[in-house]
Amino acid sequence: MRILVIDPRFGAAGDMILGALLSLGADREFVLRSVASVSKPEITNVLRAGIPATYIRTNTKKTTRTLSEILEIISAADASVQAKDIAKKVFTRIRDAEACVHQTEHVHFHEVGADDAISDILGSVSALLSLNIDAVHILPLSTGMGTVTCSHGIMPVPAPATAEILKASNLAVSLGSSEGELCTPTGAALLATFQEVFGTTVHSGKLLSSGAGAGTRDPSDHPNVLFAYIMETGDEAGSVDVLETNVDDISGEVLSSVLSTMMNEGARDASVIPIVMKKGRPGYLIRVISLPRDAPRLAKILTHETGSLGVRCTPMIHRFIADRTIANKTVVINDRVYSVDVKIASMDGVVYSRKAEFDDLQRISDASGLPVRTVKHIVEEDVWKTP
C-alpha cells in the first residue's frame, strides 16, 4: 500500500501543499491543465532556511466570489471528475466554516475565493490523484500564534475560519510554536478533506520518496516548508481494520441491505450480532472487516446506511490467512454439464477445503430442479475426487 505522509509541523497553505506534491513527482502537465482556466503557475526551486523546496507562484488577481461561482469554475475545469468532486468538498468545507464565523449562509469568499486559491486547491487535488496514493496520513499541524491582517482586519491566529475548519476535522493540531499565521484556511481545508477522503492511521513502512513545498516568506527561525513523503507498507493482506456500531432502531430488511451494501463497497466481511443494550433494550452489533485503506470510506458509508452517531475502529488487527485459489470446475447432474467456481484453501501445501460458490449452486439448483443442499453435496463430493 502506498501512503502519502504529510508533515505540516511548520504550517500549511495551498501553495505549500501543491509544491510538496509536485516535488514528490506529481504529474505537472495534469496539474497545469486542471488549473489553466484560472492561472498559469510558475514552478520554481527555492531555498527556505537552507532547505530546497518547490515554490508555486500563480500570478493571479484578487477577486471575491460566492460558492456557486467557484463551483461553476471548478465544473468547467479540464480536470478529472474525482478531482472536481474533491475540490468542491474543500470549498464547501470553507463555506461552512465562514458561515459559522459570520452567522450567515450568504458567504462571499475573499482571500479563499481568489483565483490563486482555486488554482491551489484544484491543483493540489489533481496532484494527489496523479501520485496513485492508496491512503494519506497527516502528522500534527502547527497553526502559529499572534495575529494576522486579512480582509476583515486584524484577527487572532489561528484565524476564526481556520479554527472552525480544524474544529470540524479529525486533524491533530499544535497551537503556538511560532509567531504569525502558519496555517491558512485553504491549507486547513485541503488537509481536512484529504484526511476525510483518504485518511489512514498507518504511517510506517519503506520510504520511497520525499518532497517539500515552500511558502512565500523565508523567516530565519524555521524553514517555511511543508514536507511530504511516499511510503510503501508492503502487502497489507495480513492486516485488517474492524469497524463496529450498535443499533436498536433498524428493521431486519434494512440490516440485510446494510450488509449487502458493505460487501458491495469492498468490505472483506460483514455480520450482524444480536446484543442487549443499555436499559435492557434489544439491539444489534454490526461488524465490518475492512482493509486498512478502505476503513475511512466504509465507516462513512456505514454511518449513512444505519444513521449511527459513530463507528468504532479497531485498526490493523493481524489475521492468519490460508493460501487460496478459485478453480472453475465442471459437474454433471442429470446428464447435463454445469460449471461452478470452487474456492480451494490450503496450508503448508495441503488442501483442506474445497467449497463451491453459493451463487453457482443456486443457479444449478434453479436449472436442475434439485434442492440447493443436494446440489452442494453432489458438487463438493465431485470436486474432492478431482485434483
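1. Buried here means under 20% relative accessible area, exposed means over 50%, and partly exposed is in between (1.4 Å probe, protein chains only). On that scale Arg297 is partly exposed, at 33%, while its salt-bridge partner Asp294 is buried at 13%. Their N to O distance is 3.6 Å.

2. A quick word on the ground rules: this is a predicted model, where local features need pLDDT of at least 70 and side-chain atom pairs count only at pLDDT 80 or more, while totals for chains, interfaces and linings use all residues. Residues are numbered from 1 along each chain as its sequence is written, and side-chain values use heavy atoms, with hydrogens and water left out.

3. A salt bridge needs a side-chain nitrogen of Lys or Arg within 4 Å of a carboxyl oxygen of Asp or Glu. That rule gives 13 salt bridges.

4. Have a look at Arg93 and Glu196, whose side chains form a salt bridge at 2.1 Å, N to O. The pair links distant parts of the chain, 103 residues apart: Arg93 sits in helix H4 (residues 81–102) and Glu196 in helix H7 (residues 185–198). Helices are DSSP runs of H or I, at least four residues, numbered from the N terminus. Arg93 is buried at 16%, whereas Glu196 is partly exposed at 30%. Both belong to a salt-bridge network together with Lys300.

5. Lys376 and Glu380 pair up within helix H11 (residues 372–385), 4 residues apart, or about one turn of the helix. Their salt bridge spans 2.9 Å, N to O. Lys376 is partly exposed at 33%; Glu380 is buried at 15%.

Technical notes: Helix = DSSP H or I, 4+ residues; strand = E, 2+ residues; numbered from the N terminus.
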